[in-house]
Amino acid sequence: MKIFSILFGDDNYLYLFVGDGGAAGDPENRSQNRSLLLGKVLRIDVDRQPRWSPYGIPPDNPFVDQDEIRPEIYAYGVRNMWRCGKDRGDSVTGEGKGRIVCGDVGQSAFEELDLLKKGANYGWNALEGMSCFRTELCDTIGPVEDPIHNYPHSMGKSVTGGHFYRGCNSPNLNGFYIYGDFMSGKLWRLMENRITQEWENVELQMCTSSMCRPPLQSTYETSIISFGEDEDGEVYMVSTSKASSALPYGKVYRIVDPARSVCFDEKVNVFFRRGNPDNCRSARHGMYDTHRVNTTLYRHGTSGGQHSGMFAALSLHVQSSIVAMGTLLLFALF
């Protein structure tokens, strides 16, 4: 059993995101079989350990006390949730706090982003994204929780789930769920429309050289492995120069907004804002200060592509002087 992402929810329970464990297409239908833990999101209590188990079962898990269903299951019908991000919420209103969005890697046609919901069936292996994958199953399951976004393999073939930006330095990014694709190297942001409650997806374009002046960069290594955040809510990206799990090296990029002051852009009717160092602790880091970045990487030396490796949760101490020497990544927002 391979666990591809792991995190604690705001409820203090541990969430485990487990792959379907099967050959191509999940031929044994493990993701839809709720007597198995494969192809599921599990939710367990690591603070309560009954004598018969190394962990407890939260009493409000959706399938507790149901015959022939594993009580650890929180959601099912997933293929391979590679990286999930939990929203710490808007610093003023608390909007979005606790929600979890994951990237679920597709099989042959679509990649998808899912908002985690209690008891949800995300449709695999009957559906891939929002399209029918196995015609004999598509009308036999339901109800199904649709992804908040999916994209075809013409745009990328291996989604890497990301993080919600809730930092102080780049307020224009507030609420953006920033994610990418391991194979194509594309970067996007998802944002929930408060009025329609629909999620809007926009590709992030690198800023031009006129704005991205040294030590800032307008390019990056395009095999996107993972995303992370520090204690201030600033978002980081980990990537390598080619799509291989055997490379012994890579780069950590901090994602920032190129807008440097408060100004109004009439073309897009938007105010651009820049974090004030007087209010942002992370903007005041000295030359040799360090800050902690929590991210998830796969283990080097495994065979196959990105998703055949084991994961390791790492806490990185990033020195500000190193970051300033060329690992800042800037985006043009529109």
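How far apart are the sulfur atoms of C132 and C138?

A: The sulfur atoms of C132 and C138 are 1.9 Å apart, and the two residues form a disulfide. A disulfide here is a pair of cysteine sulfur atoms within 2.5 Å. This is a predicted model, in which local features need pLDDT of at least 70, side-chain atom pairs count only at pLDDT 80 or more, and totals for chains, interfaces and linings use all residues. Residues are numbered from 1 along each chain as its sequence is written, and side-chain values use heavy atoms, with hydrogens and water left out.

Now the geometry of that link. The angle about the S-S bond is 105°, and the link of C132 and C138 is right-handed. Buried means under 20% relative accessible area, exposed means over 50%, and partly exposed lies in between (1.4 Å probe, protein chains only).

E136 pairs with R134, and their closest N and O atoms are 2.9 Å apart. The term covers a side-chain nitrogen of Lys or Arg within 4 Å of a carboxyl oxygen of Asp or Glu. E136 is partly exposed, with a relative accessible area of 47%. Side chains of opposite charge can pair when their charged atoms come close.

Follow the chain to P143. It lies in the loop between α1 (135-138) and β10 (149-152). Helices (H or I, at least four residues) and strands (E, at least two) are DSSP runs, numbered from the N terminus. The peptide bond from G142 to P143 is cis, with omega near -5°. Another cis bond runs from W124 to N125, with omega near 15°. N125 sits in the loop between β7 (110-115) and β8 (127-128).

Next, the other disulfide. The structure holds two disulfides. C84 is joined to C102, with an S to S distance of 2.1 Å. C84 is in strand β5 (residues 81-86) and C102 in strand β6 (residues 100-104), so the pair, 18 residues apart, links distant parts of the chain. This link is right-handed as well, with 115° about the S-S bond of C84 and C102. Both cysteines are buried: C84 has 11% relative accessibility, and C102 has a relative accessible area of 1%.

Strand β5 has another point to check. R83 lies in this strand. Its phi is positive, about 85°, although R83 is not a glycine. R83 is buried, at 4% relative accessibility. D26 is a further non-glycine residue with a positive phi, here about 50°. D26 is found in the loop between β2 (14-18) and β3 (40-44). At 0% relative accessibility, D26 is buried.

The charged pairs extend the picture. A search of the whole structure finds 17 salt bridges. One of them joins R166 to D90, with the closest N and O atoms 3.8 Å apart. R166 lies in the loop between β11 (159-164) and β12 (177-181), and D90 in the loop between β5 and β6, so the pair ties together parts that are 76 residues apart in sequence. Both partners are buried: R166 has a relative accessible area of 9%, and D90 has 12%. The pair also belongs to a network of salt bridges that links D87, D90, R99, R166 and E192.

R48 and D45 form another salt bridge, with 3.8 Å between the closest N and O atoms. Here R48 is partly exposed, at 41% relative accessibility. D45 is buried, with a relative accessible area of 11%.

Finally, confidence. The protein averages a pLDDT of 82, and 75% of the residues score at least 70. pLDDT is the predictor's confidence in each residue, from 0 to 100. Over residues 286-290 the pLDDT stays under 50, and the model has 13 contacts for them beyond four places in sequence. Contact means heavy atoms within 4.5 Å. Residues 297-334 also have pLDDT below 50, and this stretch has 140 contacts in the model beyond near neighbours in sequence.
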